[in-house]
Amino acid sequence: MRTRGRRDRVAVALAFAPLLAAGAVAAAGPVPADVIDCATIPRDADEAALVERFGRAAVRSVDLNGAEGQTEHGTAVNAADPARRLNVFWSDAAHRRRPASVVIRDRSRWRVRLAGGSTLGLGAGLAEVEAANARPFAVSGFFWDYGGYAKDWHGGALPRLPGGCTLTVRFDPDPKAPAKVSDRVSGEKDFPSTSPALRGVKPTVSVLTLDWGG
């Protein structure tokens with residue numbers, strides 16, 4: 001009986017070994033992406049609301065880099081975790097209330113929920129964004145303060161988001177693209193997303209911003 005009991009325990013352990021190994025791999029894998037929409041940080045939110053939603057330890061008052069090299073008083077959610085960080089700029093920065101924009105950038109894995117339930121994240125290419133928009137769009141030339149922004153959605157599904165905010169998308173060219181190729185799509189002019197010159201630098205989404213319009 002003792003030998004049989006031991007054999008049974010060994011059989012059970014062997015049966016569960018693949019499941020335990022799979023669990024270990026999953027735990028060590030990439031951090032799952034979070035999904036954000038206009039309801040996540042609504043128009044009437046303040047920093048206290050972020051604390052209530054994300055927890056005190058996750059919310060930090062910081063100075064954020066704004067346009068043209070300026071800094072603004074804002075709030076970082078999950079500042080210590082690049083994969084889950086959100087930057088919040090406020091309409092009333094002094095009291096940190098009424099969000100003007102929520103920014104996803106760098107290594108953040110947050111994805112924006114679009115109309116219809118699909119999502120968009122950093123690293124998406126022109127074709128993926130065209131599919132989300134259901135038609136081509138325009139992108140401003142690179143290598144200046146406002147370079148790389150999607151400028152005209154031509155009446156497509158973007159940038160309107162459920163809940164009232166809008167989506168701003170910025171692209172960066174592939175840093176490995178030859179300079180002579182990048183030069184063709186640089187400067188203060190716009191390029192259609194179907195442009196061979198633009199596609200030649202393989203742009204990907206580098207910044208996603210949910211805008212409340214100040």
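Taking a disulfide as a pair of cysteine sulfur atoms within 2.5 Å, the count here comes to one. The model is predicted, so local features need pLDDT of at least 70 and side-chain atom pairs count only at pLDDT 80 or more, while totals for chains, interfaces and linings use all residues. Residues are numbered from 1 along each chain as its sequence is written, and side-chain values use heavy atoms, with hydrogens and water left out.

Select cysteine 38 and cysteine 165 to begin: their sulfur atoms lie 2.0 Å apart, and the torsion about the S-S bond is about -85°, so this disulfide is left-handed. Cysteine 38 sits in the loop between strand E1 (35-36) and helix H2 (47-54), and cysteine 165 in the loop between strand E9 (150-152) and strand E10 (166-172), so the pair ties together parts that are 127 residues apart in sequence. Helices (H or I, at least four residues) and strands (E, at least two) are DSSP runs numbered from the N terminus. Cysteine 38 counts as buried, at 2% relative accessibility, and cysteine 165 is buried with a relative accessible area of 2%; buried means under 20% relative accessible area, exposed over 50% and partly exposed in between, with a 1.4 Å probe and protein chains only.

Next, select the six strands of the open sheet, which follow the order E2-E3-E4-E5-E12-E10 with antiparallel pairing; two strands pair if DSSP finds at least two bridges between them. Strand E2 (59-65) and E10 are the edge strands, each pairing on one side only.

Finish by selecting Asn65, Phe89, Val103, Arg105 and Tyr149, the closest to the centre of the largest pocket among its 28 lining residues. E2, E4, strand E5 (97-105), E10 and strand E12 (204-211) each supply at least two residues of this lining. A pocket is an open set of points on a 1 Å grid over the protein atoms alone, where a 1.4 Å probe fits, with protein on both sides within 12 Å along at least five of seven lines; lining residues have an atom within 4 Å of a point.
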